[in-house]
Amino acid sequence: MTLTTLQLSEPYGKAAVHTTGKGDPVVLIHGVGMQSAAWGPQVEFLSKTHRVIAIDMPGHGGSDALPTGAQLPEFVAWLHAVLTALNVGPVNLAGHSMGALVSGGYAISHPDMVARVALLNGVYRRSDAARAAVVARADEISQGSFDLETPLTRWFGDSDTDKAACTLVSGWLSGVNPDGYATAYGAFARGDVTYADHFGDITCPLLAMTGDGDLNSSPEMSDAMAKAAPKGRAVIIKDHRHMVNLTAPDQVNDILKDWLNTPVSGGQND
């Protein structure tokens, strides 16, 4: 992949963008604690037919962090600054976890820039108890407490594929910028309702995908997102958890291929 470091205006700073392939653009946004390399299987597969643009989220990989306390709309505005600097659009936009929140918010805020949107392992309208728990974790992280094992245990099973993916993810989490991680996690914890009332405004094809064993980005959430969008579709992958793009790469790639073949016209579905 080709690395491009964009120098954006304040408060965004540098953004690291990795590109490969030719064709219609597919933009990939990873989750909290990850980096663009987390999309490895999708980059390899999708770049055979598309121009793939994998972006390091603020405070992750080679991208500068947003100011402390930044919330989801500021991450959405950051993405718009990146895509504007790249002079691309409309794009096929896919996000995982926090990246799904950013992608959904972007499809709502900038509909002319999005041809299709895919939300992998996204969160949507958490229960009061779940929201209180994730906000409490965000507050602990902001105070310097970092628990590596709990999310890994929650995200992965015992298969050989899961173990290999867990090793990769553990390395990315271990090397993440603490301030960037804390800011992104805070926005993730509080972002599940930010754009939830506006999913009916997403008129392009929407794919919501998760694993049936993902308790926090649950199948019920993906179903609800798909039902809220006029052209939404939910796909639940059996026997997988939070990192489906790494633990079930072939299934995810085939689903994304089908999503990319959904007809659109001028950035919107016919």
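**Pocket, cavity and sheet in a predicted model**

The largest pocket here has a volume of about 520 Å³, where a pocket is an open set of points on a 1 Å grid over the protein atoms alone, with protein on both sides within 12 Å along at least five of seven lines, and where a volume is the space filled by probe spheres set on the points, which are joined across faces, edges and corners. Of the 30 residues lining this pocket, R137, P151, R154, Y185 and F188 are the closest to its centre, a lining residue being one with an atom within 4 Å of a point. Two or more lining residues come from each of α4, α5 (149-155) and α7 (178-190), and α4 gives the largest share, six residues; helices (H or I, at least four residues) and strands (E, at least two) are DSSP runs numbered from the N terminus.

Residues are numbered from 1 along each chain as its sequence is written, and side-chain values use heavy atoms, with hydrogens and water left out.

The structure also holds one cavity of 30 Å³ or more, a cavity being a set of points where a 1.4 Å probe fits but cannot get out. The largest cavity contains about 100 Å³ of space, and its lining counts 15 residues, with A100, L101, V123, F199 and M225 nearest the centre. Helix α3 supplies the largest share of that lining, four residues.

That brings me to the sheet, which is open and mixed in its pairing, with eight strands in the order β1-β2-β4-β3-β5-β6-β7-β8; strands pair if DSSP finds at least two bridges between them. At its edges, β1 (2-7) and β8 (232-237) each pair on one side only. Within the sheet, β3 (residues 25-29) and β5 (residues 91-96) run parallel over four bridges, and V26 has N92 as its bridge partner in β5.

Finally, which residues does R126 touch, if we leave out those up to four places away in sequence? They are R131, V134, F188, A189, D192 and M221, taking contact as heavy atoms within 4.5 Å. R126 sits in the loop between β6 and α4 (128-142), and a polar atom of the R126 side chain lies 3.0 Å from the backbone oxygen of A189. R126 counts as buried because its relative accessible area is 7%, under the 20% limit used with a 1.4 Å probe on protein chains only.

Definitions and conventions: Predicted model: local features only at pLDDT ≥ 70, side-chain atom pairs only at ≥ 80, totals over all residues. Buried < 20%, exposed > 50% of the residue type's maximum accessible area, 1.4 Å probe, protein only. Polar contact = N/O pair within 3.5 Å; in protein donor to acceptor, adjacent residues only side chain to side chain.
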